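Please look over the fold shown below.

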Amino acid sequence: MTKTILIALILLSMKSYSEEKPALFDDSAYKHTCDTNFNDEFVLSEYSDDWFQVYKTDKNVYSIVEPYQYQESISHLIIGQNKAILLDTGIGLFRIRPVVEQITDLPIIVINSHTHFDHVGGNWEFSNILAIDTSYTKANMAGFQHNRIAQDFTDNSFCIDPPINADLENIYTKQWEASEYIKDGDTIDLGDRIIEILQVPGHTPDSLALLDRKERLLFTGDTYYDAELWLYVPETNIKNYQNSIDRLVTIETQVDYIFGAHRTVRVDTGILKNVREAVKKLTSDKNLFEKNDINQLFIRIDGIDFVTAAPVLEGKQGDISKGGSGYDTW
Ligand SMILES: [Zn+2]
C-alpha cells in the first residue's frame, strides 16, 4: 500500500467517524421503565408527592415532572417577586394547582408552551391563562374528548401500576379559556423578573419559548427537550420548525440553561446548534423515507432523535384550524 492510499484511507475513515449517517433507530430505547432517573443530579424537593416530582432547578424555578407516565411531561414554575408563571399544566390525570400552591402563594399566570393535550391538562384549574391567538389554539381550548387521548392512559403508558384513584376509563381534557392573548416579543413582569415571549411555531402553530435574559434561562417546550423530538403530527410544519430552531440558536449563546417539556428538567446550553444541523440533514436527505408512507419514522442523526413522517418531511401540513391533541395521525 502506498503512503498516499494510506493517508486517503485514514482521511476517509475520519470523515465517516465525524459525520454519522442518518439512521433509523429502535424506539424501544425509549420504552418507559422508571429505572432511568434523568434528573438525579437535581434535588427532589419536599413539594413532591406520589404523582408529581418537583425539582428546584434554578433560582426561583421549580420543575414539576410526571415521571410515571411515559410522556414524562414537565411543567415549569417561574417565580418573581409579585407573580409567578406556570409554563404548562401537565397531562391532567391529577390536579397540579395544589402542588403549585404549596410552592408559592403568589398569583399564577398560566402560559402553555403549546396546546397539545399533555401540556394543558390542568388549565381548567386556573383563571389567568395567556394564550397565543391562533385558530389552532382556540380549537384546542374546547378540550380533548376521551377517545382522542385514550391511548396515553392504557396500562402500558405507566411504569408503575396505574394509579388506583385515577379514572383512566373516562379521562378527558377539560375545556379552558384564555384570559388574554400574547404574541412574540411581549414581556411579562413578575416583579424583579422579566420573561419574554418568543413564538417558535413548527412543532405546533402555537409553540412558544420563554426567555429570562437576566437569569440566562430559556424554556423551549416541545421545540427542544432531551428525548426523541416529535415532528410527526399533521399540525407540525417542518419549515417553520427549522426557522424557529435557527432563531433559538442565535439566543442560546446568551443563556446558560435550557428547560424542555419532557423527561430531563434542565440541560446545558449548546445543544440547539446540534439540533439545527440534524434538522438540516433530516430535511435534505430524500433517501430517509418512502414517499406516501404515513407511518412514524424514527430517525437518529448525529445523536439527535426524531419521530417524524414522510408528509412532514415533504413540507406538508394538515388542517390546523381544527386543532390537534398531539396524537392525530396523517
Ligand atoms: Zn407537543
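## The β5-β6 pair and its sheet

In this predicted model, strand β5 (residues 84-87) runs parallel to strand β6 (residues 108-111), and four bridges join them. Within that pair, Ile85 stands opposite Ile109 of β6.

Both strands belong to an open sheet of seven, ordered β2-β3-β4-β5-β6-β7-β8, with mixed pairing. The edges are β2 (53-58) and β8 (180-182). Each has a single partner strand, so one side of each lacks a neighbour in the sheet. From one strand to the next, the twist averages 25°.

## Leu130 in β7

Leu130 sits in strand β7 (residues 129-132). Is Leu130 buried or partly exposed? Leu130 counts as partly exposed, because it has 18 C-beta neighbours inside 10 Å, and burial takes 20 or more.

Its contacts beyond four places in sequence are Ile109, Ile111, Ala178, Ser179, Glu180 and Ile182. Tyr181 is 51 residues away from Leu130 in sequence, yet the two C-alpha atoms are 5.5 Å apart.

## The largest nonpolar core

The largest nonpolar core has 74 residues. Those touching the most other members are Ile64, Leu77, Ile78, Ala84, Ile85, Leu86 and Ala209. Helix α7 (residues 271-284) gives the most to this core, with five residues.

Ala84 shows what such a position touches. Leaving out residues up to four places away in sequence, its contacts are Leu77, Ile78, Ile79, Thr104, Leu106, Ile108 and Leu190.

## The six-stranded sheet

A second open sheet has six strands in the order β9-β10-β11-β12-β14-β15, and its pairing is mixed. Here β9 (187-189) and β15 (267-268) stand at the edges. Each pairs with a single strand, so one side of each is left without a neighbour in the sheet.

Inside this sheet, strand β11 (residues 208-212) and strand β12 (residues 217-221) are antiparallel, with three bridges. Asp212 has Leu217 of β12 as its bridge partner.

Arg263 lies in the loop between β14 and β15. Arg263 is not a glycine, yet has a positive phi of about 65°. Arg263 counts as buried because 21 other C-beta atoms lie within 10 Å.

## Helix α6 across the sheet

Helix α6 (residues 238-252) lies across β11, β12 and β14 (257-260). It runs at about 160° to β12.

Which residues of α6 are buried? They are Ile238, Tyr241, Ser244, Ile245, Leu248 and Glu252. Seen down the axis of α6, these buried residues fall within an arc of 115°, so they line one face of the helix. They pack against β11, β12, β13, β14, α7 and α8 (310-313). The face turned away from the buried side of α6 carries the exposed residues Lys239 and Thr250.

## Strand β17 and its partners

Strand β17 (residues 304-308) pairs with β16 (residues 297-301) in the antiparallel sense, over five bridges. Ile299 stands opposite Phe306 in β17. Strand β13 (residues 229-231) also pairs with β17, here in the parallel sense and over three bridges. Trp230 has Val307 of β17 as its bridge partner.

In a regular strand, side chains alternate between the two faces of the sheet. What lies on each face of β17? Ile304, Phe306 and Thr308 are on the covered face, while Asp305 and Val307 are on the uncovered one.

β16 and β17 form a hairpin with two residues between them. Asp302 lies in that loop. Its phi is positive, about 45°, although Asp302 is not a glycine. With 14 C-beta neighbours inside 10 Å, Asp302 counts as partly exposed.

## Totals

Overall, the secondary structure comes to eight helices and 17 strands. The protein has 330 residues, of which 42% are buried. Among contacts between residues at least 6 apart in sequence, 65% join residues at least 24 apart.

How values were computed
Residues are numbered from 1 along each chain as its sequence is written. This is a predicted model: local features need pLDDT of at least 70, side-chain atom pairs count only at pLDDT 80 or more; totals for chains, interfaces and linings use all residues. Two strands pair if DSSP finds at least two bridges between them. Axes are lines fitted to C-alpha atoms, for helices over the stretch in contact, and angles run from 0 to 180 degrees between N-to-C directions. A residue is buried if 20 or more other C-beta atoms lie within 10 Å of its own, exposed if 12 or fewer, and partly exposed in between; C-beta atoms are placed from the backbone. Two residues are in contact if their C-beta atoms, placed from the backbone, lie within 7 Å. A nonpolar core is a set of buried Ala, Val, Leu, Ile, Met, Phe, Trp, Tyr and Cys residues joined through C-beta atoms within 7 Å. The arc is that of the directions from the helix axis to the C-beta atoms.
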